[in-house]
Amino acid sequence: TEDLPGVPESVKKPPNKQGDKSKENTRKIFSGPKRSPTKAVYNARHWNHPESEELPGPPVVKPQSATVRLSSKEPNQKDDGVFKAPAPPPKVIKTVTIPTQPYQDIVTALKCRKEDKELYTVVQHVKHFNDVVEFGENQEFTDDIEYLLSGLKSTQPLNTRCLSVISLATKCAMPSFRMHLRAHGMVAMVFKTLDDSQHHQNLSLCTAALMYILSRDRLNMDLDRASLDLMIRLLELEQDASSAKLLNEKDMNKIKEKIRRLCETVHNKHLDLENITTGHLAMETLLSLTSKRAGDWFKEELRLLGGLDHIVDKVKECVDHLSRDEDEEKLVASLWGAERCLRVLESVTVHNPENQSYLIAYKDSQLIVSSAKALQHCEGLIQQYNRAENSICLPDSKPLPHQNVTNHVGKAVEDCMRAIIGVLLNLTNDNEWGSTKTGEQDGLIGTAMNCVLQVPKYLPQEQRFDIRVLGLGLLINLVEYSARNRHCLVNMETSCSFDSSFCSGEGDDSLRIAGQIHAVQALVQLFLERERAAQLAESKTDELIKDAPTTQHDKSGEWQETSGEIQWVSTEKTDGTEEKHKKEEEEDELDLNKALQHAGKHMEDCIVASYTALLLGCLCQESPINVTTVREYLPEGDFSIMTEMLKKFLSFMNLTCAVGTTGQKSISRVIEYLEHC
């Protein structure tokens with residue numbers, strides 16, 4: 001205002017004084033240099049008094065009034081600055097760096113000014129949520145296993161070691177912990193620490209429980225030789241009260257109760273929870289193993305460490321119970337026990353001549369003797385618990401009403417029969433010693449013949465083919481290298497097949513046979529019927545293929561040329577057209593299912609006929625008398641029908657199996673022999 005022209009000097013001076021006064025007040029309130037920066041002065045004002053009343057009235061001078069009011073409001077504006085809102089948050093600057101080379105990527109960065117960094121914390125290299133969770137799980141597992149392993153050491157007190165084993169077994173009941181344990185290779189380390197557990201009965205029981213829990217997975221158990229050795233040693237423990245370091249009865253019962261509750265949380269179908277012992281848990285663990293789960297080394301180590309001995313003894317024990325157990329539950333338990341042991345033996349004898357020879361020689365062929373007895377028991381039980389008719393047939397031929405136990409026991413008998421024949425097949429495959437020892441068992445060849453001709457009628461329709469092929473395979477192995485077995489089979493009398501038209505009264509009365517017939521005649525009849533059924537199924541399948549509808553043109557639209565382009569234009573479908581199209585699709589699907597059913601039946605008939613022809617061909621080897629006997633029952637005495645079937649079977653095997661196997665060599669040898677007969 002001082003520079004304004006035409007203003008009197010008397011008017012200019014008062015504003016200068018007032019302005020100087022306001023500047024002094026401003027310095028005193030806000031930026032007084034002598035005041036402490038930590039102190040603040042607050043001028044209290046009553047809420048009910050307006051701010052205008054506190055100010056002195058303006059002077060009357062007209063030119064000065066506007067100027068004085070302007071200068072008088074400056075302190076008020078400065079006072080309002082004390083109660084201002086906080087400053088806005090600092091700004092984050094986003095910068096984008098454009099690459100200068102074609103192989104570089106665009107880089108985006110967020111930057112904060114240095115004066116504003118107190119309000120921001122920039123964390124670099126932040127892990128993903130899944131990585132954090134995985135790291136936490138791994139750290140938790142590491143902490144748990146280190147803590148538990150420290151309690152398993154032999155320097156710890158016995159009670160501490162037992163508690164650590166039970167705690168580890170409880171952790172292993174969770175699949176995630178078992179996965180971590182296997183992923184880090186800790187199973188072998190745990191059992192190495194517990195290598196002395198067989199010297200303490202309570203610790204051995206806890207160790208066996210840990211092994212059982214770890215064996216509940218379908219994955220590989222990751223056992224090594226030392227762990228398997230410990231398992232076999234636990235099997236050999238005697239559960240008597242005089243064992244060293246025996247706890248009192250009360251403490252032992254507490255441990256068993258903990259293990260029982262732990263085993264209830266996992267799959268325990270075959271475990272007897274009322275019989276929690278070290279030997280029982282170790283045996284259940286061993287039976288859950290197969291060479292497929294544990295590796296090929298398992299076959300040899302199980303024999304060298306004595307594991308096969310315990311399994312064969314267990315088979316004998318279960319078979320002895322079959323003749324004594326009258327209660328269905330005990331009977332099923334014995335059948336299941338024998339079947340599980342035989343499955344392990346079947347697994348370890350496949351393509352393993354060392355194990356085969358060891359089992360044949362063990363305790364004067366104890367396994368073969370027990371298997372022969374078990375097969376004869378199962379032959380009688382399968383007639384009593386007839387699943388084909390859903391009734392129980394007693395020896396006096398009085399059927400009982402259907403009971404729930406029928407399917408239960410019948411299924412166990414069928415599974416046990418298949419396991420027995422599977423083991424015997426391995427022991428007699430290309431093994432003259434095994435074939436001779438097996439054929440020496442009383443009634444075994446006759447039981448095998450019944451498995452081919454009579455037993456299938458007591459089984460459900462879908463199970464008959466399996467048991468018949470298994471029986472034929474066992475007979476082929478028995479007679480291929482043993483002249484004694486060939487002589488026994490040729491001189492045997494048996495009934496014809498249950499589904500044979502010669503015995504059922506169908507067809508010509510002159511061909512009907514009643515009573516007992518020679519085994520060779522029954523086998524020739526089975527071959528002729530299966531070969532005829534295969535030809536009939538093949539002809540029906542060919543008719544279905546010939547009658548198959550030809551591919552029709554797509555009537556859902558048509559090609560049209562529009563504006564120089566060819567486009568597919570769909571036609572509108574009516575309800576009648578859609579229903580007709582749907583019906584045609586259903587008919588085509590039915591025809592396909594019929595063709596597949598005929599093809600499956602044709603395959604089964606061809607395999608049964610081929611196996612039967614191979615058995616008859618093995619009987620004819622090195623025996624002109626047997627050649628004459630078989631020729632008598634063949635149409636026109638011609639072996640060509642058998643050789644043709646065997647050639648088809650050999651071609652099928654060449655397509656599906658490895659070339660040069662022993663089965664293919666045997667078939668080729670039989671074909672060559674029959675062509676020169």
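The answer below goes through the salt bridges and then the other local features.

Analyst: This is a predicted model: local features need pLDDT of at least 70, and side-chain atom pairs count only at pLDDT 80 or more, while totals for chains, interfaces and linings use all residues. Residues are numbered from 1 along each chain as its sequence is written, and side-chain values use heavy atoms, with hydrogens and water left out.

Start with the charged pairs. Side chains of opposite charge can pair when their charged atoms come close. The criterion for a salt bridge is a side-chain nitrogen of Lys or Arg within 4 Å of a carboxyl oxygen of Asp or Glu. Searching the whole structure gives 19 salt bridges.

One of them joins glutamate 284 to arginine 340, with 2.6 Å from N to O. This pair links distant parts of the chain. Glutamate 284 belongs to helix α12 (residues 278-287), arginine 340 to helix α16 (residues 328-349), and the two are 56 residues apart. Helices (H or I, at least four residues) and strands (E, at least two) are DSSP runs, numbered from the N terminus. How exposed are the two partners? For burial, the cut-offs are under 20% relative accessible area for buried, over 50% for exposed, and partly exposed in between (1.4 Å probe, protein chains only). Glutamate 284 is buried because its relative accessible area is 7%. Arginine 340 is buried too, at 13%.

Helix α16 also holds a local pair. Glutamate 339 and arginine 343 form a salt bridge, with 3.1 Å between the closest N and O atoms. They are 4 residues apart in helix α16, so about one helical turn separates them. Glutamate 339 is buried at 14% relative accessibility, whereas arginine 343 is partly exposed at 32%. Elsewhere, salt bridges with shared partners connect Asp195, Asp229 and Arg233 into one network.

Helix α15 (residues 307-322) carries another such spacing: aspartate 320 and lysine 316 are 4 residues apart, so they sit about one helical turn from each other. Their salt bridge has its closest N and O atoms 3.3 Å apart. Aspartate 320 is partly exposed, at 28% relative accessible area. Lysine 316 is partly exposed as well, at 35%.

Now the rings. A pair of aromatic rings is described by the distance of the centres and the angle of the planes. Rings of Phe, Tyr and Trp (its six-membered ring) pair if their centres lie within 6.5 Å; planes under 30 degrees apart are stacked, over 60 edge-to-face, and the rest tilted. The structure contains 3 aromatic pairs. Among them, tyrosine 358 and tyrosine 362 are stacked, at 6.1 Å centre to centre and 25° between the planes. Tyrosine 358 counts as partly exposed because its relative accessibility is 28%. Tyrosine 362, at 12%, counts as buried.

A charge also meets a ring. Lysine 127 lies over the face of phenylalanine 135, 4.8 Å from the ring centre. That call requires NZ of Lys or CZ of Arg within 6 Å of the ring centre and within 35 degrees of the ring normal.

Next, cysteines. A disulfide is a covalent bond between the sulfur atoms of two cysteines. With the cut-off at cysteine sulfur atoms within 2.5 Å, the structure holds 0 disulfides. For cysteine 318, the nearest cysteine sulfur is that of cysteine 341, 5.4 Å away. Cysteine 318 is buried, with a relative accessible area of 6%. Cysteine 488 is partly exposed, at 30%.

Two backbone points follow. Lysine 363 is not a glycine, yet has a positive phi of about 50°. Lysine 363 sits in the loop between α17 (353-361) and α18 (366-384), and is partly exposed at 49% relative accessible area. Aspartate 430, also not a glycine, has a positive phi of about 50°. Aspartate 430 is in the loop between α19 (404-428) and α20 (432-439), and is partly exposed at 35%.

Last, the surface. Val96, Ile98 and Ile106 make up a nonpolar patch with about 300 Å² of accessible area together. Patches take residues with over 30% relative accessible area and no salt bridge; like charges are joined within 9 Å, nonpolar side chains (Val, Leu, Ile, Met, Phe, Trp, Tyr) within 5 Å. Areas come from the Shrake-Rupley method with a 1.4 Å probe; for residues, only the protein chains shown count as cover. Valine 96 lies in strand β1 (residues 92-97) and is partly exposed at 45% relative accessibility.
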